[in-house]
Amino acid sequence: MSNAPVRVAVTGAAGQIGYSLLFRIASGEMLGKDQPVILQLLDLPQAQKAVKGVMMELEDCAFPLLAGMVATDDPNVAFKDADYCLLVGARPRGPGMERADLLTANGAIFTVQGKAIAENAKETVKVLVVGNPCNTNAYIAGAAAKKVGRTNPNNYHGMLRLDHNRALSQLAAKTGRPVSSLKKMVVWGNHSPSMYADYRFCTSNGDAVKALVNDHAWNNDVFLPTVGKRGAAIIDARGLSSAASAANAAIDHMRDWALGSDDWVTMGVPSDGSYGIPAGVVFGFPCECKNGEFKIIQGLEIDEYSREKINKTLAELEDERAAVADMLK
Ligand code: NAD
Ligand code: LMR
């Protein structure tokens, strides 16, 4: 094995997404079959025994690419020299908790973790926030990191890839075309039911998907609510939130960012002002990835219907940003 190992920090390592994610990272599905990895696993003190159990299972897989493992409840240890951080651990919504309470509870977690990443990780670190509300948690972590100043604030992402993948699957079923033929999907905005899954630019083997679907009522009344409320539908069916599909989306996001992608991918990234989204808001945009860098696709036409949807999901993100503003001072 010629490549030097890279360090991948994963928080919430004892949780259900962690259990689907870690084995795939260690087997090379995220960073390639020639890239050894060292896993640095963060979880709460009371979860350390369970993390040890997961590590025992990782050992028992005898993954050739797994070059080391660390388990800790200290963010400064978990993020030490990290090349990639997947922030999965978050406070779930409990009985009687309002959205604002969740934002505040998670605000505290992501302020600490954003600072610890900026102080300890590689300057080139790539960070993906999965824990909900993931856009605003990524915004908080990025804001905390900005104060430290070492790392690139544009490298703090929120995960919209699950929404992107859900949209592709629904479109494949509707059009009868294989998922692999569908290109140029976009999901704008927040990872919440307000997201806007937009297939106006989507093609399948060169055919316009909009023309294949040709059904505005389906788009408005079936497709958008199905994709937007898929997380809740899974919770209802499983009694637990999505885990394997969320882990799969995290792998997709990081793999494409690190290794490049030949299609547009939706990433929740800090806005640079594109499409009128205020700078800094972590927003789902269509991106292309090359040589470890991502770029927001520019110049797409936003019609009136789309602008209304984009404004709605932006308004929700602005509300979330206002709810955490005090803790970022
Ligand atoms: P889980 O409850 O099974 O596991 C969460 C783990 O995080 C637990 O082991 C817990 O001890 C740990 N944890 C809590 N606070 C922590 C902290 N401060 N530092 C480190 N670890 C901490 O939850 P899960 O099913 O794995 O989901 C994790 C998160 O991912 C949730 O917020 C969920 O809503 C979110 N999620 C996001 C998406 C997405 O598309 N963005 C999809 C599915 C789930
Ligand atoms: C999902 O989209 O599956 C997760 O974000 C879980 C949720 O609360 O919807």
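Helices (H or I, at least four residues) and strands (E, at least two) are DSSP runs, numbered from the N terminus. These legends describe a predicted model, in which local features need pLDDT of at least 70, side-chain atom pairs count only at pLDDT 80 or more, and totals for chains, interfaces and linings use all residues. Residues are numbered from 1 along each chain as its sequence is written, chains are lettered from A and ligands numbered from 1 in the order in which they are written, and side-chain values use heavy atoms, with hydrogens and water left out.

**View 1. Three strands in an open sheet.** Here you meet 3 strands in the order S7-S10-S11, with antiparallel pairing (two strands pair if DSSP finds at least two bridges between them). Strand S7 (182–183) and strand S11 (207–208) each have a single partner strand, so one side of each has no neighbour in the sheet.

**View 2. Strands S10 and S11 side by side.** Strand S10 (residues 203–204) joins S11 in the antiparallel sense over 2 bridges. Look for Thr 203, which stands opposite Ala 208 in S11.

**View 3. The surroundings of ligand 2.** Around ligand 2 you can find Asn 132, Arg 166, His 191, Gly 231, Ile 235, Ser 241 and Ser 242 (each has a heavy atom within 4 Å of the ligand). By class, this shell has 1 nonpolar, 5 polar and 1 charged residues; Gly counts as polar, Ile as nonpolar and Arg as charged.

**View 4. Polar contacts of ligand 2.** A polar contact is a pair of N or O atoms within 3.5 Å. Asn 132 has a polar side-chain atom 2.8 Å from an oxygen atom of ligand 2. For Ser 242, the distance from a polar side-chain atom to a ligand 2 oxygen atom is 2.7 Å.

Methods:
A polar contact is a pair of N or O atoms within 3.5 Å; within protein, one must be able to donate a hydrogen and the other to accept it, and residues adjacent in sequence count only if both atoms are side-chain atoms.
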